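Dear colleague,

Please find the structure below, handed over together with its sequence. My notes on two interfaces follow it.

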Amino acid sequence: MGAYIVRRVIAMVLMLIALSMITFLLFNVLPADPARLTCGKACTPAVIAANRHRLGLDDPLYVQYEKFVKGIFVGRTYGSGTATFDCHVPCLGYSFRQGEQVTDLIKAKFPITAQLAAGGFILWLVSGVSIGIIAALKRGKWEDRAIMGAALVGYSFPSFFIGLLLLYFVQIKWHLVSFAGYTSFFDSPSLWFQALILPWIAIAMVQAAFYARLTRNQMLETMGEDYIRTARAKGLKERTVIGRHGLRAGLTPIVTAAGLDLAYVLGGAIITEQVFNLDGLGKLAITSVIDSDLPTITATVLVAATFIIVSNLIVDLLYAIIDPRVRLA
Amino acid sequence: MSQPFLDVKELRVQFPTEDGIVNAVDGVSFSVQKNETLAIVGESGSGKSVTAQAVMGLINRKSATITGEVFLDGEELVSASKEQVRSLRGKRMAMIFQDPLSSLHPFYSIGRQLVEAIKVHQDISKAKALGISRDMLDRVGIPNPERRLKDYPHNLSGGMRQRVMIAMALLNDPELLIADEPTTALDVTVQAQIIELLRGLQKEFGTAIVLITHDLGVVADMADQVVVMYGGRVVENAGIEDIYYRPEMPYTWGLLGSVPRMDVGRHERLEPIPGQPPSLIRLPKGCVFRPRCPYHELVPGNRCDDERPDLVPTSASHAVRCHLEPAQRREIAAERLGSPAMEET
């Protein structure tokens with residue numbers, strides 16, 4: 001078990017290094033010139049060249065990468081002489097568009113995305129899994145058909161469409177939630193909830209439909225296993241057969257899917273944040289792409305990908321705890 | 001003879017499917033005494049496993065129609081409530097299955113699965129249940145039972161797993177043990193050990209055993225009475241001696257002819273039974289075995305095509321479902337099976 005964890009952590013670190021290289025390359029392959037973006041209309045070639053030098057963009061690629069990585073761990077200072085600015089640890093670059101260090105931007109936006117992701121995640125997991133279990137237990141009956149039909153419809157609607165419907169009816173037509181926008185929980189729990197409930201539903205709807213189908217199929221498969229028959233042959237009550245023997249095995253694959261999906265949303269729910277005007281990582285990513293704000297693009301991609309890699313490891317470790325057969329692997 | 005411990009009468013199991021009703025078990029009757037082993041023999045799809053699961057109440061009553069009677073020590077189970085049958089399962093009647101790896105839960109330790117089986121039926125402490133489990137593992141010949149309790153099914157070999165399954169079935173001292181192909185998934189040396197184990201345990205506990213198998217070697221080792229099933233029906237029901245030395249049904253002859261024997265020369269080829277088992281949805285009007293039977297022409301007037309034979313007793317412990325005349329059957333059997341049949345008759 002210990003060796004397994006060590007092996008997985010080493011693999012994760014290697015993956016993160018590769019990932020940072022690829023995103024860094026992306027930064028340099030894109031047709032936008034970061035130096036050109038540092039000054040406005042009054043740019044002259046001389047100013048651009050000076051800025052390029054100040055930002056270290058005239059160094060060879062490997063030197064730039066080295067500085068980038070160094071910046072993450074020890075910070076870095078741009079420029080020279082009087083015109084310098086410090087980029088503190090962990091420095092992922094400096095956004096001239098926003099006039100701020102990218103790390104600070106991400107730190108400011110992340111809490112909103114995290115709240116959005118966490119609420120949506122709980123909502124979709126609880127509703128999706130319980131609906132899926134009900135459908136599996138009522139297999140072939142009208143409950144099952146209704147649930148699976150609804151899930152198919154839910155799964156087919158894009159989240160922005162559901163988001164817009166919710167906005168139009170719940171907020172604009174029926175005035176069920178306020179127009180105040182995002183408010184911190186500590187300022188007003190009620191406004192906080194009103195601002196987030198619609199995006200939670202929008203995110204959860206598609207996912208819940210997916211999880212309902214996944215759970216139903218998993219449960220049906222598990223309930224047909226030989227060990228379920230053994231559990232019944234022991235004389236266990238049907239409740240115990242389903243709860244202790246069926247769910248334990250049937251829900252294990254859901255852990256994998258849930259971990260990765262949560263990580264994905266944590267990296268920024270681009271569409272939902274845009275539709276509901278929430279100032280999170282997704283919106284930051286979109287804005288930076290529109291503005292050709294390269295350091296920010298690189299950083300958001302890096303952060304989102306890191307979430308996926310880390311959650312992959314967590315899921316695998318969880319799996320080893322749930323399924324004793326994995327420990328050998 | 002006392003009242004049999006398990007008495008199955010005219011058991012019928014039908015599954016409705018989109019293609020029609022599947023008559024998986026079609027009027028099966030047999031009985032087993034305590035201390036006795038009854039073997040149910042037949043090809044895949046002959047209804048033997050479904051029969052066993054119906055007796056155990058393991059067939060979902062919503063997905064199948066079950067009729068007939070199953071008496072366990074005088075108590076009727078087909079009409080009993082689900083709860084009543086559940087309380088008997090694992091307590092008075094227990095079952096072991098073909099594939100011990102897939103039949104044990106992969107996520108729970110052996111100890112936990114055994115303790116659970118005890119605690120459903122007995123109100124005792126976990127420590128005490130663990131003790132019983134350990135003793136039972138020891139009894140079924142598992143070395144180091146204390147350590148095995150903490151192991152998971154995947155840590156054990158196939159034979160050990162089947163021993164665990166047997167231990168699990170015996171935890172509550174059941175009076176009836178149904179073994180559904182208990183040795184099929186195991187290699188030959190382990191098969192012999194498992195059969196030996198079951199025989200020893202039967203002697204010790206006086207259990208009634210229903211052994212479901214297609215392996216006639218296993219039958220010869222263990223059974224007292226043999227029920228041969230074909231197409232969801234019993235086609236021959238006889239004592240072990242009669243089945244091997246005086247079989248009277250063409251299908252039984254076919255089964256015996258397709259098993260390698262030590263007492264005949266190596267040059268003799270095994271004879272497979274031609275054709276396929278029947279579809280259980282559209283059974284032929286006459287004898288179910290007619291399409292594969294090489295002797296139907298000996299019966300005059302197309303009776304094999306038009307008339308379904310009844311299971312007719314030929315002696316106190318022997319019944320056969322066949323239109324052939326008894327004298328004809330004995331003659332063909334003697335000819336097909338060679339010397340052993342001659343000596344005995």
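A salt bridge, as the term is used here, is a side-chain nitrogen of Lys or Arg within 4 Å of a carboxyl oxygen of Asp or Glu. This is a predicted model, in which local features need pLDDT of at least 70 and side-chain atom pairs count only at pLDDT 80 or more, while totals for chains, interfaces and linings use all residues. Residues are numbered from 1 along each chain as its sequence is written, chains are lettered from A and ligands numbered from 1 in the order in which they are written, and side-chain values use heavy atoms, with hydrogens and water left out.

**Between the domains of chain B**

Chain B is divided into domain 1 (6–223) and domain 2 (230–344), with bounds that come from an automatic or database domain assignment. Their contact (heavy atoms within 4.5 Å) takes 23 residues from domain 1 of chain B and 19 residues from domain 2 of chain B. The buried area, meaning the accessible area (1.4 Å probe) that two parts lose on being put together, summed over both, is about 1,600 Å² between these domains, and carbon and sulfur atoms give 55% of it. Of the area that domain 1 of chain B buries against domain 2 of chain B, Asp26(B), Glu43(B) and Leu216(B) supply 35%, more than any other three residues. The rule finds two salt bridges across this interface, and Asp26(B) also meets Arg233(B) in a salt bridge between their side chains (2.9 Å, N to O).

**Between chain A and chain B**

Here 21 residues of chain A are in contact with 26 residues of chain B, and the area buried between the two chains is about 2,300 Å², of which 59% is given by carbon and sulfur atoms. Arg229(A), Ala233(A) and Lys234(A) supply 27% of the area that chain A buries against chain B, more than any other three residues. Two salt bridges are found by the rule across the interface of chain A and chain B; Arg244(A) forms a salt bridge with Glu116(B), their closest N and O atoms being 2.5 Å apart. On the side of chain A that touches chain B, helix 8 (226–233) and helix 9 (238–250) of chain A each supply at least two residues, and the largest share, six residues, comes from helix 8 of chain A; helices here are DSSP runs (H or I, at least four residues), numbered from the N terminus.

With best wishes
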